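Work through the exercises below with the model open. Each task is followed by its solution.

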Protein chains: 6
Amino acid sequence: MSAARPDGRATGQLRAVRFEPGFIGHAEGSVLVAFGRTRVVCTASVEDRVPPHRKGSGGGWVTAEYGMLPRATSTRNERAGVRGRPQDGRAVEIQRLVGRALRAGVDLGALGERQVTIDCDVLEADGGTRTAAVTGGYVALALALRAVGAAAALRRAVAAVSVGLVDGEARLDLCYEEDAHAAVDLNVVGTDAGELVEVQGTAEGQPFRSVGGLDRMVALALEGVAQLCTLQRAVLG
Amino acid sequence: MSAARPDGRATGQLRAVRFEPGFIGHAEGSVLVAFGRTRVVCTASVEDRVPPHRKGSGGGWVTAEYGMLPRATSTRNERAGVRGRPQDGRAVEIQRLVGRALRAGVDLGALGERQVTIDCDVLEADGGTRTAAVTGGYVALALALRAVGAAAALRRAVAAVSVGLVDGEARLDLCYEEDAHAAVDLNVVGTDAGELVEVQGTAEGQPFRSVGGLDRMVALALEGVAQLCTLQRAVLG
Amino acid sequence: MSAARPDGRATGQLRAVRFEPGFIGHAEGSVLVAFGRTRVVCTASVEDRVPPHRKGSGGGWVTAEYGMLPRATSTRNERAGVRGRPQDGRAVEIQRLVGRALRAGVDLGALGERQVTIDCDVLEADGGTRTAAVTGGYVALALALRAVGAAAALRRAVAAVSVGLVDGEARLDLCYEEDAHAAVDLNVVGTDAGELVEVQGTAEGQPFRSVGGLDRMVALALEGVAQLCTLQRAVLG
Amino acid sequence: MSAARPDGRATGQLRAVRFEPGFIGHAEGSVLVAFGRTRVVCTASVEDRVPPHRKGSGGGWVTAEYGMLPRATSTRNERAGVRGRPQDGRAVEIQRLVGRALRAGVDLGALGERQVTIDCDVLEADGGTRTAAVTGGYVALALALRAVGAAAALRRAVAAVSVGLVDGEARLDLCYEEDAHAAVDLNVVGTDAGELVEVQGTAEGQPFRSVGGLDRMVALALEGVAQLCTLQRAVLG
Amino acid sequence: MSAARPDGRATGQLRAVRFEPGFIGHAEGSVLVAFGRTRVVCTASVEDRVPPHRKGSGGGWVTAEYGMLPRATSTRNERAGVRGRPQDGRAVEIQRLVGRALRAGVDLGALGERQVTIDCDVLEADGGTRTAAVTGGYVALALALRAVGAAAALRRAVAAVSVGLVDGEARLDLCYEEDAHAAVDLNVVGTDAGELVEVQGTAEGQPFRSVGGLDRMVALALEGVAQLCTLQRAVLG
Amino acid sequence: MSAARPDGRATGQLRAVRFEPGFIGHAEGSVLVAFGRTRVVCTASVEDRVPPHRKGSGGGWVTAEYGMLPRATSTRNERAGVRGRPQDGRAVEIQRLVGRALRAGVDLGALGERQVTIDCDVLEADGGTRTAAVTGGYVALALALRAVGAAAALRRAVAAVSVGLVDGEARLDLCYEEDAHAAVDLNVVGTDAGELVEVQGTAEGQPFRSVGGLDRMVALALEGVAQLCTLQRAVLG
């Protein structure tokens, strides 16, 4: 029998998830999303231009950028851009994931020649910043497309959650303390129809045998995604 | 007779100022400060190291960095660090001002060989981000020094506010709409003893005659600083 | 019934895989690895230093960097470093994957205070450059650890391969043409003991239903990994 | 009673100010300006283009850049641009001040769709490089506008000087040795009509009480500005 | 009498020179060139655009970029572009030489509004990487111009070789070991008509007296260039 | 018969060469050097540290950096370091040449563990900036070594000059107008003993036949170098 979770949750229970829509008044769409202590500001900015590789296609583009405030973590991280410092590799990796995830939610052709940039800025990190960024990013995206009269370009809701194998037990939505002790850390991006957009599973420390294990972990994640999509719908009205 | 202020304030009245201390759990000191719709996250990070020019001095250092979330403004700004992009010049100018202002609040010798970095990140901008950053930055700094047992290094409270000449009338704490129409924009950093740390006044459009005008504007600003210091004390307990 | 593969392979068949060990005489370990037309130069460089986060741990570190020659692809890519241009995001994402994969093959404690840097430079790209980089990177790593008398720090062989869902059919080791038409693209890093190190699956275009599908795709990938590990052993003698 | 100034000047006396117009033959306008030992090369370059934010306005733009030769100071500073090093923050702060100051001298609408870039490069620094840059920058600007037949866009002469509080005494145009001991350092940009463009006052070490003091310091500065404008007129003929 | 060369060559003998044309399938022109153990991948990429300074000229442009794989040398070099690192100065110096050399081989007017970029990437370095890059670069260029139907823009073949003064003796095509002991190192770019394009001679350690010596060294180099041009012709058919 | 030179000089005649030693008071050694209208500020800075590759050698290092003021040329060049812009390639190429040239003048072992950095900043360019930089750089270097009591580390004087083939005639010390029409441009670094340090000759437009021509051009250059060394001696007293 495995030990209790640090915050007393059941294995398949999400942390308290909160959305504060309209968090940034200037943006076409915005939300502050919290997965427990993890808090991410997501804004969606709509511009009447497309990147070079989409020029002349008639369709649009959705992209994401990710950053953390320097003190989102227990020790201070250097600020990108200061004295020429580029984004760190982890931020680059995450923003590419968020961008792929959110493009799956949109009909780029129906978007018209517009670019939507989803900015995800982590105020405080306690595990799961990338899944919170995807989940909140979708809310900001949906609000922005409505605001500019392009809601028809939304194809499906997209949300993300982690599942970890801790002490042999699959747990939903790891906080940092659990993440640090997980044998396997799986991040799943799914849709409100129970489909998958992206799955990233990483062995921490020791490689793992899957033998049917991945599908079970993914199924648990998709239950979490379904709950997140219900919460997204409640916010989006 | 001049027109009413856009938000109905009296000429010498601050916007609604709010402090949310402890806004970022990981930081030694933190606060969310709001001057009306302008909101800035301030964190203070204490590290047991000093920059090269302070090595061997026995004393410490206080420095500041400033950034804006890409969508803090009405149109999106490019994110620093992405594809090698450096901080923009305005951010550099402001963070230097904030650093000078906050060093005036601290006895660097009594600080010991420690560096405190004040990060000021603007969530939303509606004029006065630099004055909010100084005012909130001091709160974060004071909280952090207490947290590490170095409160004795605090010498005096520091706060900042703007005064603008709009339609010939000196107004305290301009919002963006007023700032855009001001003939003169003055930013004043002062102390809880009514002293000045820094004064920056800029003519917008037309040069101005001072003839005793500067001292009057500064006096109005110092009244605002006094009120801000009272609010800081309430937060710091 | 699905169409034949462009190069006539069976669905579970790897491309022709070739290793040319000792490809770069100066490196402690090196190999040119080819997965069909995809060719990657992998070198392992051993240095008697560790990164800051490993200082004083007694153990070592393994890291990876990834690049493509400007003309590894059908149109020319800009060269990193020229006129200050940083690495592109895709390279950053891949080199982080390669580093995590290869660290799983090594006992960092047994390595001692040494850093091994695996450089993966793509001469020509035809799909699967990241899986070739992991697979060849392990060969370079193993050769280098032998060369410096640290073969005891090798814990297990690591290799990687892709599986794609094309026309509803799971296919092993996609070339670029298949990759461009795959509904799902799964990259799997595994060990010679049939365990998993990392799994990354991405829907291309449409989200997908998994219902047990992931585990089957992973199983096919692990068969490919087993074959690659056999080929690695043959090269390593 | 305060001590004599290091170079024996009266409190309200400028250093020897010299202008060498036409110092750089290639530029539309240029001058070498010296405030005592501080020497700055100022050039004005006129180009038939405007920055993006002025496109289609029909008007032009004036901007400034500031740099110091690596050995303008007593110890060598690193050269910007070498090995990707960005401009240092002090240079950024100063060039923004110079740009604002010189735009006050020009009718941007009358300039037409032209950009004038004022480059200020410090050969040797002995305090007051920013005030020398503004003062010399105006001369270069005026020469350049004449050279391209746009003298009508000049609205007013602009010059700058510092005033410092040293041993309780207001002194005009501080050299480095005085600057290092001043209690307050005030930089004033003014016009030939005795108006103010920008005022920046900073407490060095201890905050200061103003009580009418700022206006007196500004008045002293404006006397210096008036003398500088007389010297500018003599040079501009 | 001087000692034998480390690899037993006669003083006027080239190392084994090999060309592997078509080394990179994606490029319009490519070759792997080896001068002994020095191996360089050269690709030529043709694009229908020209740099700003050639816009509207009707003619084209040829440029070169040079890089080394991190482990091309006996110790690992940092990779350009990683964490914002720019190209090192040596690479910049060499790519400018290669670009000048290859432009001498082409009638830029006859090229039309096209840019050819020659990428020279050193797999392994054993002296003479810049001369190998020029010599292989010409082969890649010629293959590319043929491939796009622009062979008529080729004016003359260009090749390069080094001559060194070792123990008072002029030796052709130095390897690294000889280069490190040479008193003078001369790099000569010449044409198949025995003409010179560029000559760079550097004293290593001690300055040298020329007294007719340069012309003799150049003559030896031109013999090497002639042999290289014969080999180029054989490859180009 | 060839046309007269634009400034009426004889073919073997230098432009008016002037040295203004002590041009920058802060530097250990400095000079303003003019070759006609080409003017370069050279400073030598001595620091008690050596670069990593010289650590523990007991000896020192001499290095050079080169820059041009933005308006040193007929059209404005972008300033290095602004918005992350790196040095341009031409500056990198030249500063490497200057560094090699000046190291030939010094006994690095006798220098002790010191680094001398020669900064060469071009105020105005009219051809020959690199040769003026070498020639003036030596003067700055010699003055600095005397100033720190290390004159014994000077081994020989070093100077540089160009020779060009214009209308079939070898001309010494080309100005920009001649340089633009030269068939061959040769830059020669030599010593006061008539020895060579570096020779760089480039065909402009058409390749050239040397047949003894290089040695004659070098001989003419060495006559110029001898004159320059005489002038250096006069300045150095």
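**Exercise 1.** In which crossing, left-handed or right-handed, does α1(A) pass α1(C)?

*Solution.* This is a predicted model, in which local features need pLDDT of at least 70, side-chain atom pairs count only at pLDDT 80 or more, and totals for chains, interfaces and linings use all residues. Residues are numbered from 1 along each chain as its sequence is written, chains are lettered from A and ligands numbered from 1 in the order in which they are written, and side-chain values use heavy atoms, with hydrogens and water left out.

Step 1: take helix α1 (residues 89-103) of chain A and helix α1 (residues 89-103) of chain C; helices are DSSP runs (H or I, at least four residues), numbered from the N terminus.

Step 2: their axes lie 9 Å apart at an angle of about 110°; axes are lines fitted to C-alpha atoms over the stretch in contact, and angles run from 0 to 180 degrees between N-to-C directions. α1(A) is therefore roughly perpendicular to α1(C) (65 to 115 degrees).

Step 3: the crossing is left-handed, meaning that the near helix is turned anticlockwise from the far one by less than a right angle.

**Exercise 2.** Find how many salt bridges the rule gives across the interface of chain A and chain B.

*Solution.* Step 1: apply the rule, a side-chain nitrogen of Lys or Arg within 4 Å of a carboxyl oxygen of Asp or Glu.

Step 2: the search across this interface returns twelve salt bridges. One pair that meets in a salt bridge is A:Arg79 with B:Asp119, at 2.7 Å, N to O.

Step 3: for the setting, chain A and chain B each bring 37 residues to the contact (heavy atoms within 4.5 Å).

Conventions: Helix = DSSP H or I, 4+ residues; strand = E, 2+ residues; numbered from the N terminus. Parallel < 35°, antiparallel > 145°, perpendicular 65-115°, else oblique.
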